[in-house]
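The sequence and structure come first, and the notes follow.

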Amino acid sequence: MLLKNDLNRILIENAVRLNLKNFENDEKRCIRRLIDTGATVTKSSSDDGIFSKLRELFKDDNSPYYPAAASLFRNISRDRLICFGVNLGYNSFTKGAKTIAQFEKKSGKVVPWIADMDVTTENEAKYRSETFEKLLAHYSGFGINTYIMRFSNGIPEETYLAIFETLEQNPYIDVLLMLPDEVLSNKIIMAMDKLNNIMAVISYDSENYNEMLDKLESMKIINASRFTVSNGFSEKLNEEKIFSKVSDCLCPVLILEYDKDISDEEKKAFKAGLSALRETPPAPLFIINLEDDIQAVNRSISGKDISTHINVKA
């Protein structure tokens with residue numbers, strides 16, 4: 001186990017569970033108290049931290065973010081939401097950030113708060129060996145407690161099962177599973193169902209999007225839809241069906257990423273309009289601009305943008 005369920009985490013979990021007991025009686029008040037709890041434990045009640053930004057989303061009593069959050073609490077296991085949320089809020093943004101800052105001060109080296117790795121047909125065997133466990137232990141030692149794993153098509157079933165077994169043994173790290181376009185087997189989905197520390201992310205543009213979404217939602221696995229912003233993004237992204245369909249999911253979360261060929265001009269135009277889009281979303285959903293949001297957290301911890309990629313060689 002890379003991290004222990006220390007006393008601070010136990011106290012935070014208990015506070016979150018206590019707040020959620022009152023969810024059915026007063027959803028909005030419960031959501032606001034959860035944000036306040038996060039701001040308190042991360043000491044970001046008055047600064048420009050992530051929970052301060054969340055407060056802004058919920059400042060209007062008619063904010064569409066209230067029904068989006070309520071959808072999560074109604075439809076997904078409380079244990080899953082609590083585990084994933086506390087891992088992110090405490091293990092990453094609080095405990096992890098402090099460890100990273102201490103390491104950087106001592107070594108003079110910069111460390112990202114999240115690490116991004118690829119699982120390909122060339123290197124997948126490494127994830128079925130002790131290499132993966134050692135890699136997590138190594139980077140967790142720096143304070144990195146959240147990871148992104150990007151899966152290529154054609155990864156053997158046994159590799160998924162080995163990875164999920166390792167993640168089950170390390171419940172206090174969070175992992176975003178960027179799933180491939182192909183349909184995963186029921187055995188893989190069943191193994192995923194044992195985990196409370198994952199978010200499964202599927203591409204909105206995949207021809208198998210609906211089938212994979214049904215598989216994940218039938219097991220009430222925390223999930224998100226991913227959309228790639230490319231040149232000429234406005235016409236497609238502004239189609240109402242994208243926002244409305246994602247907002248109808250059990251987990252109304254839309255993750256946006258930039259296409260590698262997007263022009264600087266198009267990226268600038270997109271970023272300029274994103275604030276307004278988040279302030280008044282066209283449907284009740286959470287919008288994450290992955291690259292920029294990750295670097296915003298890096299800047300708050302280390303004062304600069306930092307590469308997050310881990311190269312796992314075959």
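## Ile287 and strand 7

Ile287 is part of strand 7, residues 286-289; helices (H or I, at least four residues) and strands (E, at least two) are DSSP runs, numbered from the N terminus. With a relative accessible area of 7%, Ile287 is buried. Buried means under 20% relative accessible area, exposed over 50%, and partly exposed in between, using a 1.4 Å probe and protein chains only.

Not counting residues up to four places away in sequence, Ile287 touches Phe243, Leu254, Leu256, Leu274, Leu277 and Arg278, where contact means heavy atoms within 4.5 Å. Along the chain Ile287 and Leu256 are 31 residues apart, and their C-alpha atoms are separated by 7.3 Å.

## Basis of the values

The model is predicted: local features need pLDDT of at least 70, side-chain atom pairs count only at pLDDT 80 or more, and totals for chains, interfaces and linings use all residues. Residues are numbered from 1 along each chain as its sequence is written, and side-chain values use heavy atoms, with hydrogens and water left out.

## Helix 6

Helix 6 runs over residues 130-142 and has 13 residues. From its first C-alpha to its last it reaches 19 Å, close to the 18 Å expected at 1.5 Å a residue; the expected span is 1.5 Å times one less than the number of residues. The buried residues of helix 6 are Phe132, Leu135, Leu136, Ser140 and Phe142. They sit on the same side of the helix because they cover an arc of only 145 degrees around the axis, the arc being that of the directions from the helix axis to the C-beta atoms.

On the other side of helix 6, Glu130, Lys134 and Gly141 are exposed. The buried residues pack against helix 5 (78-107), strand 1 (114-119), strand 2 (146-151), helix 7 (157-169) and strand 8 (309-310).

## Helix 7

The 13 residues of helix 7 should span 18 Å at 1.5 Å a residue, and the end C-alpha atoms are 19 Å apart, which agrees. Buried in helix 7 are Thr159, Tyr160, Ala162, Ile163, Phe164, Thr166 and Leu167. The elements that cover these residues include strand 1, helix 6, strand 2, strand 3 (174-178), helix 8 (186-192) and strand 4 (198-203).

## Val312

Val312 lies in the segment after strand 8 and is buried, with a relative accessible area of 11%. Leaving out residues up to four places away in sequence, Val312 touches Asn123, Lys126, Tyr127 and Leu135. Leu135 is also one of the buried residues of helix 6. Val312 and Lys194 are 118 residues apart in sequence, with 26 Å between their C-alpha atoms.

## Helix 5 and Lys220

Arg80 is found in helix 5 and is buried at a relative accessible area of 6%. Apart from neighbours within four places in sequence, Arg80 is in contact with Asp193, Lys194, Leu195, Asn196, Met219, Lys220, Ile221 and Ile222. Lys105 is also placed in helix 5, but this residue is exposed, with a relative accessible area of 78%. The C-alpha atoms of Lys105 and Lys59 are separated by 36 Å, for 46 residues along the chain.

Lys220 lies in the loop between helix 9 (209-218) and strand 5 (223-229). Lys220 is partly exposed, with a relative accessible area of 43%. Its phi is near 55 degrees, a positive value in a residue other than glycine.

## Second largest pocket

The volume of the second largest pocket is about 250 Å³. Its lining consists of Asp116, Asp118, Ile148, Arg150, Glu257, Tyr258, Leu290, Glu291, Ile294, Gln295, Thr308 and His309. Strand 1, strand 2, strand 6 (253-258) and helix 13 (290-302) each supply at least two lining residues, and helix 13 gives the most, with 4 residues.

On a 1 Å grid over the protein atoms alone, a pocket is an open set of points where a 1.4 Å probe fits, with protein on both sides within 12 Å along at least five of seven lines; lining residues have an atom within 4 Å of a point. Grid points are joined across faces, edges and corners, and a volume is the space filled by probe spheres set on the points.

## Cysteines

A search of the whole structure finds 0 disulfides, a disulfide being a pair of cysteine sulfur atoms within 2.5 Å. For Cys30, the nearest cysteine sulfur is that of Cys251, 17 Å away. For Cys83, the nearest is also that of Cys251, at 14 Å. Cys30 counts as buried at 4% relative accessibility, and Cys83 is buried with a relative accessible area of 12%.
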